[in-house]
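Hi everyone, thanks for coming. Let me put the sequence and the structure up, and then I'll walk you through what I found.

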Amino acid sequence: MSNELRFDGKVVIVTGAGQGLGRAHALLFASRGAKVLVNDLGGTHTGEGRSSAAADRVVEEIRAAGGTAVANYDSVEDGARIVQAALDAFGRIDVVVNNAGILRDVSYAKMTDADWDLVYRVHVRGAHAVTHAAWPHLREQKYGRIVFTSSAAGIYGNFGQVNYAMAKLGLVGMMHALAIEGRKNNVLVNAIAPIAGSRMTETVLPRELVEALRPEYVSALVAWLCHESCEETGGLFEVGGGFFAKLRWNRTEGVTWRIGRTITPEMVRDQWKRIVDFSKSTFPSSVAESMAPILRNVEAGPSRGGNQYIDVDEALGWEAPPVRSSYDERDVALYALGVGAGADATDPRELGLVYEMHGGGFHPLPTMTAAIAVQQIMKAAMEGRQAPGLRFGLDRILHGEQYTEVLFPLPPRATLEHRAKIKAIWDKGKGAVVVNEVRSYDEQGELVAINEVSTFVRGAGGWGGERGPAGESADPPERAPDAVVREATSPDQALLYRLSGDVNPLHVDPGFARAFGFERPILHGLCTFGFAGRHLIRAFCGGDPRLLRSIRVRFAEPVYPGETLVTEMWKVEPLKIVFRTRVQERDKVVLANGIATLHPEVPQRKKRPAPAAAAAAAEPTSADVFGGIARFMARERDVATRAQTVYLFRLSQPDSEWTIDTREGRVRPGAPERAECTLELTDADFMAMVTGKADPMKLFSSGRLRISGNVMASQKLDFLRKVDPNDVLEAMRERTGGAGAPAAGTAGTIGAAPQAVTSEVVFRAIGAWFAKNPELARKAGVVYLFKLSNPDSAWTLDTKEGVVRPGMPDRPECTLELSDADFLAMVQGQADPMKLFTSGRLRISGNVMASQKLEFLTKLDRNEVAAAMGAPASSAPSAAAASAGASAQAAARQPVAPRLFEALEQRLRAQPALGAEVGATVRFVVGEQSWTVDFPAGRVERGGSAAAATVIGISDEALEEIARGKLGLQQAFQRGRMRVDGDVAPARRLGVLVGLL
Amino acid sequence: MGRRVNVIGVGMVKFQKPGASDSYDVMAREAARAALADAGVEYRDVQQAYAGYVYGESTCGQRALYELGMTGIPIVNVNNNCATGSTALWLGRQAIEGGMADCVLVVGFEQMEKGALGTKWNDRPNPVERHVGIMNEQQGFNEAPPTAQMFGGAGREYRWKYGTRRETFAKVASKAREHASRNPYALFRERLSVEEVLASPEIFDPLTRYQCCPPTCGAAAVVLASDEVVRRRGIKSPVYIAGQAMTTDPGSSFGDSMIKMVGYDMAAAAARQVYEQTGLGPRDVQVVELHDCFTSNEILTYEALGLCGEGEAEKLVWDGDNTFGGRWVTNPSGGLLSKGHPLGATGVAQCVELVWQLRGQAEGRQVEGARVALQHNLGLGGACVVTMYRRD
């Protein structure tokens, strides 16, 4: 074979080569052309006696096979003589295999000093003596391979081998350090932990196993590690019986306490699980990597303190995984009723808060977001999704302050995504304050509301931390209030309010309230808060809740349902109001430090992003930043060249490459010939980084910034922070030819005149557009039929003829059915056609693929539509009214799952055979609730923790359709309306659900 | 049967992500060069060439092969969706078997764009309209990549029929990665556990990201020759094509089954023809390269090729009969899932892998005792080519 690994001309020393492993190594090396020094003292395996016979026999064997070898009988303790013998015989040394060893197995109690010393001397001192004598020769010729022979006994420990284990792991340490010293001179060092039948193992292993563990199996690895084409160094390998593998260190993620904390044995005990948990672990392979967590901790700065209740380092800044919640018109009205709206059902100002069809508009109260936010926090806490480092029970906390800000008017129904984080933690002495911030985003990703919930935690302070800032001044001016609203709460106020989500029995159960020291159930603080919000809206917003921007209060005293609230308000600035709310009966301030701010007008949602070209002209790009860096480096040469490194920045989206050469002090586009340090990240992240909006460390640790090559050199890039922004702007001006001024957005939107848009207008606009752009229209080449409902109409879009007309075509090729309102939303870009389609609100039949060609609709000139709107045609029924009616109907839908599973339990009880047929335990996850059904036992459990072979995820609606026989089981699965985890088979047998409703 | 057709030379380039590869002409040329060198023949010895690719202007084959020589031979460009490579192979085999040529070069290549497969020509009828129509009837149509919806939907139908666990599909992806970790030509060589596969983003239930083959750039080439060439050049014991069949959609593809719509019957028919031609069956095969564009299709294909009975694929997977140590090794190369799927190159690269396997040159992924190999390459639209290779 031509690719045989050869050792021609190489000189190999194998110690202890008279028998077993050493002999096998020597024979293999010699057979591959090496000249071998066969060393063996000729003693017994316990290190007694000596003779030349063993080494001589091996040398004879090698010579008989045509190889070259000489024998040596020195002890490895005389390593220099062994090396000299090799030099004398062959004139050089290339490979040292430290194999010689002895055993002095004895239990530790009986071990003598001589047992310890002899094992140490032969294994450790002996390997050192031979290696040390050979080392200068290997270094000088810049070539060498060394193998140490370790053992599983050393790595894992073994009874009766304390001395041997010590010596064998000692060799591993020696190997690691020598590998580092030898690397630059091409002296590569490895260790093996072999298991092979030899004189030493005959004493401990059964004979058959010894047979299977032939030394030859080990020698193949030794030969490869010693070959010049092998570049492995610093490795430890387990080998034997046909098995070959590499070992490395594995370290748990562990626990880090910030510097400056008092670390007690109790803390170590309490975190023991995490300290020994390997589920997140690393494989450190150098002292630098070993130190990395410590250096990171030092870099992170001193601890911010804490105690057994609160660990500020862990908790502060923690961000909860985003969660979603939905509300609809019914929730909005119920909340408003809960905070006293509509008490006078003839007051037109209040009807818009509780009546979804109200002519003047139906708008949620901004304070409702506070109730939603607190509900999310409580829900997370109950489910154990709490910030790490907060270890106090709910019994210790009081809602101390509330801040609510609503940036855009809340729609009558919405799904919001909430992102919560621990924004601040203050040490107030006896107690502590934890500020939870919840930011809520709508489905377009727009930030809609911010809530800050300040919780006072009794008895959890006193770690000597910061007290926190004094709040914004909310002292009322020394004059009579500018407005006063007086309103009685009703005796059943709390019973009504709790239906909006806060079901704490403190507000409803007299016994529970007494146990907490109240004479009767108290009103929810956030209910009083909602009253105050309404009072502000009534006094300063003309009753329009969309104008209240923010509201902040401190909860001072509880309110009893039925008491009268008096809110006194002072307008201290055009858009700022200071207020307080008192209970009239007891003359106590219940909401203190009240501050509210207003929107000057109803805020509009932001327009769609400006066209890219306009944005490009207005803002610096990464190219400008590099231009700025170039200018800076030209000016500040000595700062710039301090790093002495060639960096490559590889940006993506859009892709570009830039070289910053701090040796030459230059910046240029493209990659350098040899980059010393490469940084890869997106263009957007790069811009965020250089403008200080993104922390490079965070980008790096989250994997968004990748650094390769000389990673340390990336730390020298901090001079980039000194780059003058004016340099960047200058580079931009140069690029854009002087046009530095932002381009004004000019795109008109249909939304500007929402009242007048009807589907008829849109189709007429499409017709007009077809007439102007016949080419583009004909590209689709399909006859579409739009069947709209609520109100009903039919429209033909014939892209072959380029005409649009009311009515049905003779032969539609692709039919789209949807509601008039959804159609309008779609053409205005407010509804995604795909989403409409997947949710079943848009039905497509005929040539489905043709529907994808309708993208030209999004290219409609908005002005065209606007012009068509200017000439309104026959009046169509108001689409808006129809859609409101439809949504009100949808809002009335009650979940059927609870009823259905109750019915299921009855059915299974009455007819156990039905359950036996399903024959499995199935968990149904319906929205946020679940039911576990043990069909054979006929048991239905809400929630439930029993192991289920099958887990079914399904919406309440789909479940209802199945139960009513409108949706087949397979159809539901195939269409993705029913997900099945685990075994699918039981899902096929769920016919028992049909007819339950 | 006509004359015996031998595969005397194979070559390919390492598959790359879109944007990271050379352009198609360079890749195709390098693969062809490697195949010619492996065969020990010169480009001037080639009498005909078949060039397979899907995306690109016309005559890309000439653009690539002109770099090797201007010999004026016929060069045929072949386009048959994902079955393009094996269709080119099929044409080359036919030319030699029928006595029209003695030495043929087959090259497949693809320079793909990032992202899932989409359509390029929206001003004319789409060739898979009928397939999509079936899908729309069965399960609707959504924003997921259309091919994932098709094969994912077939996966759903399979799960429904046989109760198959999600993990079984994931296990196929994990196996593909394990195999690819041994193949230096593969795109994704990092191993993935079943858990990691399941945790990747869902594309279309039951398919997660790691259960979908990636857009890939690459090229592969083979040299086919008659016995006469083999004798003249003294080639010892070459790999030869023992049987080969190509099928297109039967009527049953357009019924009410997603499994059939994605080509199950087409594949089963092609396999049956090959078993009839050769007199050999699945039990005689040791190594298989099959069209695992999605994990679901690998599962379906076990049954279409007769490796197991209908509904038995889950057992086959958990018994490990698709990997080293089992009854067969399917996709030792890592398959489309991990080696990558450059459409036009795939069918040729499968052949390259199997030739290496039969010659015992597959190094770290060598299937012990491989004597008979089976190839399955499928394209929607549709076409399926099944080929059996042997080495005596």
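How many helices and strands are there in chain B? Chain B has 14 helices and 12 strands. Please keep in mind as we go that this is a predicted model.

Let me start with the confidence. Chain B averages a pLDDT of 95, with 99% of its residues scoring at least 70. For chain A the mean pLDDT is 84, and 88% of the residues reach 70 or more. Over residues 738-756 of chain A, pLDDT stays under 50, and the model has 27 contacts beyond four places in sequence for them. Residues 869-891 of chain A also stay under 50, with 33 such contacts in the model. For the complex, the predictor gives an ipTM of 0.86 and a pTM of 0.46.

Now the overall build of each chain. In chain B, 61% of the 392 residues are buried. Of the contacts in chain B with a separation of 6 or more, 79% are between residues 24 or more positions apart. Chain A has 35 helices and 35 strands, and buried residues make up 38% of its 997 residues. For chain A, residues 24 or more positions apart account for 70% of the contacts with a separation of 6 or more.

Helix 10 of chain B runs over residues 264-278, and at 1.5 Å a residue its 15 residues should span 21 Å; the end C-alpha atoms are 21 Å apart, so the two agree. Which residues of helix 10 of chain B are buried? They are Tyr264(B), Asp265(B), Met266(B), Ala267(B), Ala268(B), Ala270(B), Ala271(B), Val274(B) and Tyr275(B). The cover over these buried residues includes strand 8 (239-247), helix 9 (258-261), helix 11 (295-304), strand 11 (372-379) and strand 12 (383-390) of chain B. Just after helix 10 of chain B, look for Gly279(B), which takes a positive phi of about 70°.

Helix 11 of chain B turns up again in a helix pair. Helix 6 (residues 166-180) of chain B packs with helix 11 of chain B at an angle of about 95°, and their axes are 8 Å apart. Helix 6 and helix 11 of chain B are therefore roughly perpendicular to each other. On the helix 6 side, Phe169(B), Val172(B) and Ala173(B) meet Thr295(B), Ser296(B), Glu298(B) and Ile299(B) in helix 11 of chain B. By class, the residues of this contact divide into 4 nonpolar, 2 polar and 1 charged.

Here is a second pair in chain B. The axes of helix 3 (residues 84-97) and helix 14 (residues 343-359) of chain B come within 5 Å and cross at roughly 60°. That makes helix 3 and helix 14 of chain B oblique to each other. Among the residues meeting here are Gly85(B), Ser86(B) and Ala88(B) from helix 3 of chain B, and Gly344(B), Ala345(B) and Gly347(B) from helix 14 of chain B. The contact of helix 3 with helix 14 of chain B has 7 nonpolar, 7 polar and no charged residues.

So where do the two chains touch? In the model, 23 residues of chain B are in contact with 21 residues of chain A. Helix 4 (129-139) and helix 5 (146-162) of chain B each supply at least two residues of the side that touches chain A. Helix 4 of chain B gives the most, with 6 residues. By class, this side of chain B has 3 nonpolar, 11 polar and 9 charged residues.

Let me finish in chain A, with helix 25. Helix 25 of chain A covers residues 759-772, and at 1.5 Å a residue its 14 residues should span 20 Å, which agrees with end C-alpha atoms 20 Å apart. Helix 25 of chain A is mostly covered, with 10 of its 14 residues buried. Those buried residues include Phe763(A), Arg764(A), Trp769(A) and Phe770(A).

Leaving aside neighbours within four places in sequence, Ala987(A) is in contact with Thr950(A), Ile952(A), Leu969(A), Phe973(A) and Val980(A).

Notes
Residues numbered from 1 in each chain as written. Chains lettered and ligands numbered in written order. Predicted model: local features only at pLDDT ≥ 70, side-chain atom pairs only at ≥ 80, totals over all residues. Axes fitted to C-alpha atoms, helices over the stretch in contact; angles between N-to-C directions. Helix = DSSP H or I, 4+ residues; strand = E, 2+ residues; numbered from the N terminus. Parallel < 35°, antiparallel > 145°, perpendicular 65-115°, else oblique. Contact = placed C-beta atoms within 7 Å. Nonpolar A, V, L, I, M, F, W, Y, C, P; charged D, E, K, R; others polar. Buried ≥ 20, exposed ≤ 12 C-beta atoms within 10 Å, placed from the backbone. pLDDT = per-residue confidence, 0-100. Expected span 1.5 Å × (residues − 1).
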